[in-house]
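Please look through the structure shown here with an eye to its charged side chains and to one of its helices. The account is meant to be read alongside the coordinates.

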Amino acid sequence: MELTVWRTFVTVCRLGSLSAAATELHHTQSAVSRQIAGLERQLGVPLVERHARGVRPTPAGEVFRRHALATLHEADRAVRAVREAHDGVAGRPLAIGATPSLAAGIVPEAVRGLLERTEPLRWSLLPGLSTQLHHCVVAGDLDIAVVTDAPPGLPHDPRVDRRFLGLDDMVVVLPVGHPQGGLGPLHIRALADQTWVEDNDGSAALLRQHAARAGVSARIDLTAADLPGKLALVATGHAVALIPGVLTRALRNDVTAVPLVDPPTRGIYTLTPRRDPHPATAHLLDRLATAFTPVRPPTP
């Protein structure tokens with residue numbers, strides 16, 4: 001099977017239209033139709049079905065689309081690597097993943113320290129949730145991921161090495177001018193009547209567990225799509241929120257971070273593949289380790 005045909009199929013699925021795919025790929029619509037039909041003959045199953053607004057993948061087509069997309073991405077990486085080697089570009093890029101709060105400050109700072117002490121190095125940073133980043137490390141798409149053990153926690157996976165960096169105290173973030181702002185460590189009971197906003201299940205679980213230990217409940221009435229959206233709802237006075245302590249150094253200036261009494265914590269870890277590690281990984285691990293105060297690892 002030619003990858004050109006696979007790319008045509010993936011494009012048709014993404015755009016939901018044979019004609020739109022033909023326009024993007026600079027083919028005729030009949031050529032696109034022939035490629036899809038030929039692919040279906042090779043596989044022995046229908047891959048697309050027509051509906052009122054165009055086409056969509058069949059269940060079998062969706063399975064093939066996911067695998068085809070992964071194959072095409074790897075093929076593109078191979079082509080780039082060959083061209084870079086031919087052009088004399090040294091070394092492979094360092095692919096880093098980090099949760100949004102860690103990607104906002106600590107990880108870029110560690111990379112800066114790394115670059116000041118090494119040869120020029122190309123690198124990339126992929127923000128994501130811990131579970132997603134774990135899968136990327138296993139798949140070989142990331143050389144290192146900086147993640148947390150916030151619910152649902154981290155799996156024990158023999159394919160990756162896990163290194164504990166430190167514990168992060170969660171804090172409450174309030175809009176500037178909030179009556180509780182600047183009062184020092186707050187007890188969660190002082191915020192029992194507040195509206196809370198959350199952007200992921202792990203943080204929401206930490207908040208609920210912390211409130212339950214204090215004998216109160218937290219009203220999570222608002223949901224944000226991501227961390228910036230969560231902070232925007234706080235800044236505009238709609239809610240208060242629980243955020244990672246590591247994020248306080250990168251907060252916007254219209255919110256205030258306040259520590260909690262006996263705060264909930266989460267462990268910070270690095271994940272690296274056990275096979276084919278990047279040469280720069282060890283140096284980055286050393287830089288990341290200096291960003292956290294040494295503490296005992298949490299009990300499994």
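The model is a predicted one, and a search of the whole structure finds 14 salt bridges. One of these joins the side chains of Arg 7 and Asp 76, with an N to O distance of 3.3 Å. This pair links distant parts of the chain, since Arg 7 lies in helix 1 (residues 3–15) and Asp 76 in helix 4 (residues 59–86), 69 residues apart. Both partners are partly exposed: Arg 7 has a relative accessible area of 34%, and Asp 76 has a relative accessibility of 28%.

Another salt bridge brings together the side chains of Glu 109 and Arg 249, at 3.0 Å from N to O. Here again distant parts of the chain are linked, with Glu 109 in helix 6 (residues 106–115) and Arg 249, 140 residues apart from it, in the loop between strand 9 (241–244) and strand 10 (255–259). Glu 109 is partly exposed at a relative accessible area of 34%, and Arg 249 counts as partly exposed at 49%. Glu 62, Arg 65 and Arg 66, for their part, are linked in a network of salt bridges.

Are the partners in the salt bridge between Glu 198 and Lys 230 buried or exposed? The closest N and O atoms of this pair are 2.8 Å apart, and the bridge connects strand 7 (residues 195–198), which holds Glu 198, with helix 9 (residues 227–235), which holds Lys 230, across a separation of 32 residues. Glu 198 counts as buried because its relative accessibility is 4%, under the 20% cut-off, and Lys 230, at 2%, counts as buried as well.

Lys 230 leads on to helix 9, whose buried residues are Leu 227, Lys 230, Leu 231, Val 234 and Ala 235. These residues cover an arc of only 135° around the axis, and therefore lie on the same side of helix 9.

At the start of helix 9, a side-chain oxygen of Asp 226 comes to within 2.9 Å of the backbone nitrogen of Gly 229. After helix 9 comes Gly 237, which has a positive phi, near 85°.

Methods: Residues numbered from 1 in each chain as written. Predicted model: local features only at pLDDT ≥ 70, side-chain atom pairs only at ≥ 80, totals over all residues. Heavy atoms only, no water. Salt bridge = Lys/Arg side-chain N within 4 Å of Asp/Glu carboxyl O. Helix = DSSP H or I, 4+ residues; strand = E, 2+ residues; numbered from the N terminus. Buried < 20%, exposed > 50% of the residue type's maximum accessible area, 1.4 Å probe, protein only. Arc of directions from axis to C-beta. Polar contact = N/O pair within 3.5 Å; in protein donor to acceptor, adjacent residues only side chain to side chain.
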